[in-house]
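Subject: Model for your files

Hello,

Here is the structure I said I would pass on. My notes on it follow below.

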Amino acid sequence: MKKFLTLAVVALLAVGANAQKGSTYIGTSGISFWNTDENAGPTSSGFLTGFNIGTGDLKGSQFGVAPELGYFVADNMAIGASLGFTLTNPDGDNNNITSLGIAPYFRYFLVQKGNFGLYLQAGGQYDINFYQADGVDNLNHFNVGVLPGISYAFSDKFSAAASFGWLGYDYWKQGDSDGGTVGLKVNGSSLNFGLYYNF
């Protein structure tokens with residue numbers, strides 16, 4: 001592991017920069033799908049940090065997609081936003097949960113050398129969850145925070161990015177109930193991949 005990290009740092013420092021001020025990119029912050037007959041654990045809503053909206057013996061499926069648009073305001077700084085859609089069937093019946101949201105962000109590249117980049121991203125996310133089940137209030141979810149990421153350019157036009165971990169504030173409200181937490185997430189719901197087309 002130590003050798004791998006050393007080689008990764010050397011590779012990052014050995015090559016020259018690629019993203020330029022004024023360039024725009026489109027793509028996706030992530031596409032997710034799961035289907036299980038076992039205990040799936042909490043149902044995850046939202047599309048970036050994964051907010052848990054249910055617990056218990058959850059069985060069923062989930063599909064999510066988050067198209068993204070971004071713009072480099074400087075060679076090492078980008079602004080952008082994702083629009084998220086998630087459809088969850090938590091129990092295998094017709095009690096679907098539909099989540100729609102938006103997540104604007106500011107991305108700062110600490111290192112951007114050749115095909116590789118290391119960045120920190122600050123941003124927020126708002127999504128609303130609509131329940132098909134009768135008598136269940138919609139759930140509003142909001143968070144702000146920072147996350148680290150790495151990017152790789154396959155060519156001048158195509159690139160990918162991945163992030164893991166998230167530190168920030170998370171808030172939800174459903175009917176007369178609400179709650180908020182401040183903390184660090186390093187579980188599977190904080191892992192995201194993106195594929196981009198640059199123009």
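Predicted model: local features only at pLDDT ≥ 70, side-chain atom pairs only at ≥ 80, totals over all residues.

Residues are numbered from 1 along each chain as its sequence is written, and side-chain values use heavy atoms, with hydrogens and water left out.

Confidence. pLDDT is the predictor's confidence in each residue, from 0 to 100. Its mean over the chain is 78, with 71% of residues at 70 or more. Over residues 1-17 pLDDT stays under 50, and the model has 14 contacts beyond four places in sequence for them.

Fold. There are 1 helix and 12 strands in the chain (DSSP runs, H or I of at least four residues for helices and E of at least two for strands, numbered from the N terminus). Of the contacts between residues at least 6 apart in sequence, 60% join residues at least 24 apart.

Core. Of the 199 residues, 38% are buried (under 20% relative accessible area; exposed is over 50% and partly exposed lies in between, with a 1.4 Å probe and protein chains only). Tyr-119 also belongs to the largest nonpolar core, which has 10 residues, including Phe-109, Leu-147, Ala-161 and Trp-166. Such a core is a set of buried Ala, Val, Leu, Ile, Met, Phe, Trp, Tyr and Cys residues joined through side-chain atoms within 4.5 Å.

Ser-151. Ser-151 has a relative accessible area of 16%, so it counts as buried. Beyond four places in sequence, its contacts include Phe-109, Asn-115, Phe-116 and Ala-160.

Lys-21. This residue is in the loop between α1 (2-14) and β1 (24-36). Lys-21 counts as exposed because its relative accessibility is 61%. Not counting residues up to four places away, Lys-21 touches Phe-72, Val-73, Ala-74 and Asp-75. The C-alpha atoms of Lys-21 and Met-77 are 8.1 Å apart, although 56 residues separate the two along the chain.

Tyr-197. Strand β12 (residues 191-198) holds Tyr-197. Tyr-197 has a relative accessible area of 33% and is therefore partly exposed.

Regards

Conventions:
Contact = heavy atoms within 4.5 Å.
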